[in-house]
Amino acid sequence: MTSLFVDCPTGLAGDMLLAACLDLGVPEEVIHEPLRQLGFAHAYALSVEEASSGGLRGLRLVVESTEDEPPHRHWRELRDRISASPLSAPLRQRILSVFEALAEAEAAVHGTDPEAVHFHEVGAIDSLVDVVGVCAALEHLQVSSLLCQPPPAGRGTVTTAHGVLPVPVPAVLELARRHGLTLLGGMGWPEAELTTPTGLALMALQADGFGWPSVLQPVATGIGLGHRQLDRPNLLRLIQVQPAQCSASDQPQWQDLVVQEAWIDDASAEAIAWLVEQLRSGGAQDVACAPIQMKKGRAGTAVTALVRADHADALRRIWWRESPTLGLRERHQGRWVLPRRRGMLSTSWGDLAAKQARRPDGQLEVKPERDALQQLADKSGLTPSRLLSQLRLDGEGFEPWEDWRC
């Protein structure tokens, strides 16, 4: 599995992301094969060249249409083609999610139905190659976590199929609004469109979070170059990083979290309980439910899950599979956690599974696992509270365990 960080000092664009994937070592065939399966093998020509920008090397990518008269495909037609394709289910879902986000954003800013959005608005053949290629590359790299730097939007104006538009273009603003993303701005950025709808949609749907990693231990770097000449190197760096290791420090550690939440009014109590169980077993740090009153006076349940950023995508699949919700809210937060570990506490009645935490002052605290405490109490003939009162919970007898788990 691979952990990646997208450093985008001059913005996000689909061709730069794809070029960076290739520079990181993804074979070109990984890009061409899914496009063949979608029936676009003869619709484009892809050229990749070693180049430089501002004195720094990288790969620059160009996609050209080879269709004499490119058809005006609608999002509905493109979606049906992708859905009916022989692509693997995970890759198919990755691609659909990105194009759906693009279609919804374009429809919102033009006041149309997403079904009727023309393919040229979604991105024409170059963006199709970019989206399919990047999604296929991420599948090939077996990405387990993906963090992206908040991108600069740019400033000024840009000429599009709809005429001259302000930067950031409306679709970029709509994507940022819908997905709760922050765009960097100000007069210090070049006067150009730095972040495109395709580039932002790819990261909005594929990244687990936006921000800077607290620890950056690079393993390899892929560099994708942009086409514009700027007053600085125009590049995007896709950095493969070593997953951060928790330290045995006495100090609290910062943990990036994603809060996932849905309000559900069309599921039974048994179905809600099953959803909560599946979310917990799927890796959620915690899950909570609260009764709420929803539209038309219906009683509902707010289900909230705290998820590690690198597990967010896997948990989304559980929401879609195990609940009737049609929407899932997400916001990126974090928490400070004390260094802690799990192990076995030696007692006069037998071993007892427990958690041990270390306070910043060095003090150790031990808390038995409730299920294990109940089992030991049943075995010893004592009540759990009586047994607990007789245990030494100062850390003595706690079996050594070298790896602190944050």
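Good morning. I begin at Gly 283, which lies just after helix H9 and takes a positive phi of about 120°. Please keep in mind that this is a predicted model.

Let us step back into the helix itself. H9 covers residues 269-281, 13 residues in total. From its first C-alpha to its last it reaches 18 Å, close to the 18 Å expected at 1.5 Å a residue.

Which residues of H9 are buried? They are Ile 272, Leu 275, Val 276, Gln 278 and Leu 279. These residues lie on the same side of H9 because they cover an arc of only 165° around the axis. The face turned away from that buried side carries the exposed residues Ala 269, Glu 270 and Ser 281.

I now turn to a sheet. Three strands form an open sheet in the order E14-E15-E16, with antiparallel pairing. Strand E14 (340-347) and strand E16 (364-368) are the edge strands, as each pairs on one side only. On average, neighbouring strands of this sheet are turned by 40° against each other, direction ignored.

Within the sheet, E14 and strand E15 (residues 350-358) run antiparallel and are joined by eight bridges.

Thank you for your attention.

Terms used. Residues numbered from 1 in each chain as written. Predicted model: local features only at pLDDT ≥ 70, side-chain atom pairs only at ≥ 80, totals over all residues. Heavy atoms only, no water. Helix = DSSP H or I, 4+ residues; strand = E, 2+ residues; numbered from the N terminus. Expected span 1.5 Å × (residues − 1). Buried < 20%, exposed > 50% of the residue type's maximum accessible area, 1.4 Å probe, protein only. Arc of directions from axis to C-beta. Pairing = 2+ DSSP bridges. Axes fitted to C-alpha atoms, helices over the stretch in contact; angles between N-to-C directions.
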